[in-house]
Amino acid sequence: MDRTRIVRWLRVLFPLAALAILSVLFLLSRKPDPDAGVPYAEGGIEDLARHPGMTAPQFSTVTADGTTVTLTADRATPGEEGTAASNLALDWTTREGTAARLTAAAADQQGTQVTLQGDVDMTLSTGWHLTAPRIEADTAEGRLAAPHEVAVTAPFGTLTAGGMVLTRAAEGAQVLELNRGVHLIYRP
């Protein structure tokens, strides 16, 4: 057989083989299950109507001193006294590069004041880790404050204090001020 005959036979056999494969795929395919579709909302529609809110909200701003603030949460619900959020993360980054990441179980927001509550964890880019029952973030002033007791783990040891304020000093550097009965356990 010469090459021309082989090519002629292959020109007929290849399309027939492709047609046979496609026919088998369509004959063996299953019917689509309409119940297996992607759900648009979790929970009942009545529950969503009774409790309006937003899933995975995100808010970003820049304070007057150039600090960038980004808030994210699992869910936010409006209320008469402000917006409440759950499983909140707040990223606080200054112009100089100092960064703080705060996580909390819940938060309330009124105006420029965000109050994080429920075992708030704050991790600084300088290696410090703080835990407090409540931390208040003021996005207008570029200030973080804990009015109650804080537990701190620093690179040189552990500290406890009656309160904490993270703010910009007059010369422009970020200052972490621990106040009201500071106790230090130094570990060299």
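This report walks through a predicted model of one protein chain, from its overall make-up down to a few single residues.

## The chain as a whole

Start with the inventory: the protein chain comes to 2 helices and 14 strands. It has 188 residues, and 29% of them count as buried. As for how the chain meets itself, take the contacts between residues at least 6 apart in sequence: 30% of those join residues at least 24 apart.

## Helix α1

Helix α1 takes in residues 3-28, which makes 26 residues. From first C-alpha to last it reaches 37 Å, close to the 38 Å expected at 1.5 Å a residue.

How many of its residues are buried? The count is 0 out of 26, so to speak a helix that is hardly covered.

V150, V152 and A154 make up the covered face, while A151 and T153 sit on the uncovered one.

On one side of the pairing list is strand β8 (residues 129-138), which pairs with β10 in the antiparallel sense over 3 bridges. Within that pairing, V152 of β10 is the bridge partner of L130. Then there is strand β11 (residues 157-161), also antiparallel to β10 and joined to it by 5 bridges. Here T153 has T158 of β11 as its bridge partner. The link from β10 to β11 is a hairpin through 2 residues.

V150 belongs to strand β10. Its relative accessible area is 1%, and because buried means under 20%, V150 counts as buried. Leaving out residues up to four places away in sequence, V150 touches T131, A132, L159, T160, A161, G163, M164 and L178. Also worth a look is P133: it is 17 residues from V150 in sequence, with 7.7 Å between the two C-alphas.

T158 is over in strand β11. Buried, exposed or partly exposed? At 25% relative accessibility, T158 counts as partly exposed. Setting aside neighbours within four places in sequence, its contacts are V152, T153, H183, L184, I185 and R187. One of these, R187, is 29 residues from T158 in sequence, and the C-alpha to C-alpha distance is 7.9 Å.

## The largest pocket

Rolling a probe the size of a water molecule over the atoms shows where empty space is left. In this model the largest pocket has a volume of about 360 Å³. It is lined by 21 residues, and those closest to its centre are F59, L71, A76, T83 and Q109. Which elements give two or more residues to the lining? They are β2 (58-62), β3 (68-72), β4 (75-79), β5 (82-93) and β6 (99-110).

Sorted by class, the lining has 11 nonpolar, 9 polar and 1 charged residues.

## A buried loop residue

T139 lies in the loop between β8 and β9 (143-146). Apart from neighbours within four places in sequence, T139 is in contact with T61, T63, V69 and T112.

Most residues other than glycine have a negative phi.

Where does each one sit? D119 lies in strand β7 (residues 113-124), whereas R180 is in the loop between β13 (174-179) and β14 (183-186). D119 is exposed, with a relative accessible area of 59%. R180 counts as exposed too, at 51% relative accessibility; the cut-off for exposed is over 50%.

Key: Residues are numbered from 1 along each chain as its sequence is written. This is a predicted model: local features need pLDDT of at least 70, side-chain atom pairs count only at pLDDT 80 or more; totals for chains, interfaces and linings use all residues. Side-chain values use heavy atoms; hydrogens and water are left out. Buried means under 20% relative accessible area, exposed over 50%, partly exposed in between (1.4 Å probe, protein chains only). Helices (H or I, at least four residues) and strands (E, at least two) are DSSP runs, numbered from the N terminus. Two strands pair if DSSP finds at least two bridges between them. The expected span of a helix is 1.5 Å times one less than its number of residues. On a 1 Å grid over the protein atoms alone, a cavity is a set of points where a 1.4 Å probe fits but cannot get out, and a pocket is an open set with protein on both sides within 12 Å along at least five of seven lines; lining residues have an atom within 4 Å of a point. Grid points are joined across faces, edges and corners, and a volume is the space filled by probe spheres set on the points. Ala, Val, Leu, Ile, Met, Phe, Trp, Tyr, Cys and Pro count as nonpolar, Asp, Glu, Lys and Arg as charged, and the others, Gly among them, as polar. Contact means heavy atoms within 4.5 Å.
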